[in-house]
Amino acid sequence: MIPAESLQRRQRAEALAASLPPLLVAAERIAATVVQGVHGRRRVGPGDTFWQFRRYQPGDSRQRIDWRQSGKTDPLFVREMEWAAAQSVWLWRDGSPSMRYRSGPNLPEKGERADLLTLALIALLMRGGERVALLGSGVLPATGRAALNRMALLLTRAGTGGVLPVDSLPPAEHLPRHAHLVLIGDFLSPLPALEASLRQFAERGVSGHLLQVLDPAEQTLPFLGRIRFAGLEAEGETLLSRVETVRLDYQERLRRHCEGLAAIARTFGWSFAATSTDRSPQSALLALYLRLSAGSRR
Amino acid sequence: MGSLASLTFTAPWLLLALAVLPVLWWLLRLLPPAPRRLDFPAIRLLFDLKPREETPDRTPPWLILLRILLAGLVILALAHPLLNAIGRSGGSGPLLLVIDDSWAAAPHWPLRLAAIEQRLAEAERSGRPVALLGTAPRGGSPFAVAGPMSAGEARRLVRVMAPQPWPTDRAAALQAIDAQPWPAGATAIWIADGVAAGPPDLAGRLALRLQQLGSLTVVREAPQRLALLQLPPTSDQTGATLRLRRADGAGALSVAVRALGEDGRLVTRQTVTFADGATEASHTLDLPVELRNRVQRLAIEGEESAGAVVLLDERWRQRPVGLVSGAGENEAQPLLSDTYYLSRALAPFGEIRRGNPLTLLQRPLAVMVLADVGALSAEESQRLGTWIDGGGVLIRFAGDRLAQNADNLLPVRLRAGDRTLGGAMSWTKPARLAPFPDKSPLAGLAVPPDVLVQRQVLAEPEPDLAGKTWARLTDGTPLVTAQQRGKGWLVLVHTTANADWSNLALSGLFVDMLRRMTAMSQGVVGEQPGAQLPPLQVMDGFGRLESPPPTALPADATVFADGDVGPRHPPGYYGRDNARRALNLSARVTAVAPLGGLPAGIAEHGYEAAGEIDLKPWLLTAALGLLLVDIVIALALRGLLSRRRVGVATAALVGLMVLLGAAGSAFAQSQSPKPQAGDDFALAATAQTRLAYVQTGVPAVDDLSHAGLVGLTLILQQRTAVEAGSPMAVDIEQDELAFFPLLYWPVTPGQKLPSPAALQKLNLYLRNGGTILFDTQDQNAAGAIALGQGGPGTSRLRQLVHGLDIPPLVPVPQDHVLTRSFYLLQQFPGRWAGGQLWVERNAGRINDGVSSVLIGGNDWAGAWAVDDMGQPLYPTVPGGERQREMAYRFGINLVMYALTGNYKSDQVHVPAILERLGQ
């Protein structure tokens, strides 16, 4: 009917599909390297891990009787497993233009790294049986291979202006109490705006984890000479006649910003970590995962 | 007029702009280059960040230097500098160029033209009108100043100017200048030949007049470089002496004189040396007489002017000698003939003519020998007398007839009868020769002791007999007597010219005596005094012979006597082909003297400072190159060039600059001649025998032809003695066809029709033994020429050959040479089989029986074609390697046929010959 449009769409879909597997594979490879921690609910419930034997009570299904244990003594016993209830984890990664930055040809863009970490974390969480949702996608938490694929698709499409929001701040969304929220981004927005945005989640009792992804150039400002800097999100421009003279000031400012960010996280009882694109994604992922599991164990 | 040594600026006031450069320096220092632009996500942290030390970023010094240099170059270029510029002449009025276009200007004519060209270019730049005046008289046109006109017009006139083979006429030039009004501010430039001509003060007067016009610049050579003059060689008994003149005696100078024969062949080359201080040089031409006679032209090597060339004619070259025998020619006993020894002795240095005196005198003659001729008729005596008076030498030999019947055309009176020495009835012995008297022209010749005179005629004693005697016997009786009459001589040898009376004729002395006597002649004598000799060939100013212009008039004897060389009588050959006379410039100009007596206050230049170089294009090119470098640097400073693109940009920049340099040099040397491109083709085509195909312009077809001929060449090398080189493509429009014995011409639709010129070339090629194989490549359609129908190739063929000289064609007969020139074949398959091959019907007589045209449609190239590995490219249809083999065999037969002609046609006739022999 509209051949040009449909063709275009299909081509884009194919391009996405082509780019998907590597991302997914990379994410799964990273996820596989992280040792899966134990996080049972320490209660009786559906699960795989043995929890306790208890006396058979009328109403229990006969099929649940553990005959081996019952054979040892007179009463009948029923095997109960630990309840390994899946937790819902919401993830958000910064899809704003400022994430599409890299300072050297050998470095990944911040956005790529954030996508990778997000997807790896999703894969990891799903392997642990958790239910995962992308914040702002409007999709309920889900688990399983299909959900992983769907989210990978969402993430990639978000980069090209898809369903996921591209703000530099997480969208305000109603999350259930005690839900987990993982936020990955550069968090370079002004601290008050950040705090206001995060407070909405914290007030609802959501436990959050911040992972700041920065480019090495953003950390050190390694430039020399006369440079006109321009923002990626239309923040404006500034001309520095000799960049090297302001380098220390800049680093100080950045340090204070990060400290401010960490303070906010502390206030809310959230965790905060920072990584840069020249470091391996595994370490960041591991740290994040450990904090997540610690949080769930709490 | 700004002048820096040899550097001159046309617009020097523009150099003031150089003062702006410091300002530019300051400005450039203040204005830093545009900053790099960098996207940075953490820009919020950079806002309002105050640098600790506020030192503004400045343009790097090297960049300022580059830009200053760029600006300086542009300013310099706009000032239009000229290297080696001739001094600019001031004034704003017309520029009068007085050009000495005489013979003396010829040796360095290109230099003069260059000097004139520079003046014209200068006048063109300043927009001044130009007037031209050549000082050498011109045939047909009166003396007048040309112009004033624009410089471009003058340039056209100068380009057709050529030195004249005669001296200048500065008096007439002076009149021509006076005849025209001259506005104030005129400038005169005298491109002088540096040689005085006419009255001594004439040059001074002309210079003064020119100076009065405004200002005068004289351009002339140093005296040492002035033109040389060659006078006609003097000729005496021992040989010829070359005579050269020069204008200035400073320093020794050696020049080579080339003696050239009739056909321009070098006979000898002699070095003539001017001693230091001498303006004249002479050199004896040490040359055997036989060679000397061949010399037609003496020219000073490296000196191209009419004055350096001397033309020689019969008077110098050969002495026509008439032989008259009293007895009839005795063919049976040549050794007894009167003239046998004479002709043998005279042949080396004289042109011998025979006949009776009257017929001989009808043509110019130097020497006449009467061998034992008795009484002459009155008319003969009278004509001979006149001839001798005019300079002829009559040599008479005695003999029986003269002894009996003497006439009065003799130097001495003879006694009747003769004297016999040493006979049977005599006591005396045969007499020997006495040494020659000192006054005799024969003096100095060695007298061989074995020359004996047995009989002689005797002279009556008379008072002046001793004075007339050139040679005598030991007893004192005269053997050779002579008498001068007018300009000529009358010589009597008192014995015979054969061995009857004496063995003198057998001795070497006889030859020497005759040579001396012949040398006494004045050259050719016997022309009618008032005869008008039409110009035959005349010299131009460079001393080259050319056909006479219509303004050249016939010359009579007075012209030659007075040396009236000029537009009416240019130097050269006059007369008829068999009796021509040379008129040399040296008949009029006998000495060269440097131009003298010029008034004071004249600017003088030489021609040596050759070629002003316009530096403007070079400077602009350099500035443009710097600009490009600056652009790249600016881009790099702004960070617009990534590392990868820097390489690309640099390469592009270097390429562009090389291109610019080439363009600049092309601009500067736009007049350098282009090398000939055709030589390479000719060399490649002729160094080896090569098969060739006609380029159709259709790439696929051309590739196929090439591959096909490569395959055929390979097979030829493997199987036959034909070791052909790699095949060549021939463009029938441009390339020479004559190098190729065989042309393969694939005819396909879509190729261009040959131009008329190419058709003419093809016709010439076919007529002179070339062979073309037309391959229509459309199987079975070849017969369509006769049938009027066929495939696409055939119809194209019909258009292609329209206008070609195609003879009547027949299908190859069974006994055609083509069927057995190497292999025995009856069919000629190519990629297709079965098509008919057509050849010339009557190829028997011309071109060694090779048909000039072969037409077929079997796509032979397709069958022959191989790839780089030597594997066949196309399958044969209907197929099989046998068909391909047959195709190769046809190719070999064809090449053999084209190369060897009807060599094998004998075999064609073997059955008939055997049959005939059997009967």
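## An antiparallel sheet in chain B

Strand S12 (residues 253-260) of chain B is joined to S13(B) by eight bridges, and the two run antiparallel. Strands here are DSSP runs of E with at least two residues, numbered from the N terminus. Strands pair if DSSP finds at least two bridges between them. Within this pair, B:Leu253 stands opposite B:Phe274.

The open sheet has four strands, in the order S13-S12-S15-S16 (chain B), with antiparallel pairing. Strand S13 (266-274) and strand S16 (309-311) of chain B stand at the edges. Each has a single partner strand, so one side of each is left without a neighbour in the sheet.

## Where the chains meet

In this predicted model, 28 residues of chain A are in contact with 21 residues of chain B. Contact means C-beta atoms, placed from the backbone, within 7 Å. H7(A) gives the largest share of chain A's side, five residues.

A strand pairing also crosses between the chains. Four bridges join S7(A) to strand S3 (residues 36-39) of chain B, and these strands run parallel. Here A:Phe229 stands opposite B:Leu38.

## Confidence and conventions

The model scores ipTM 0.70 and pTM 0.43. Chain B has a mean pLDDT (the predictor's confidence in each residue, from 0 to 100) of 79, and 86% of its residues reach 70 or more.

Residues are numbered from 1 along each chain as its sequence is written, and chains are lettered from A in the order in which they are written. Local features need pLDDT of at least 70, side-chain atom pairs count only at pLDDT 80 or more, and totals for chains, interfaces and linings use all residues.

Definitions and conventions
Two residues are in contact if their C-beta atoms, placed from the backbone, lie within 7 Å.
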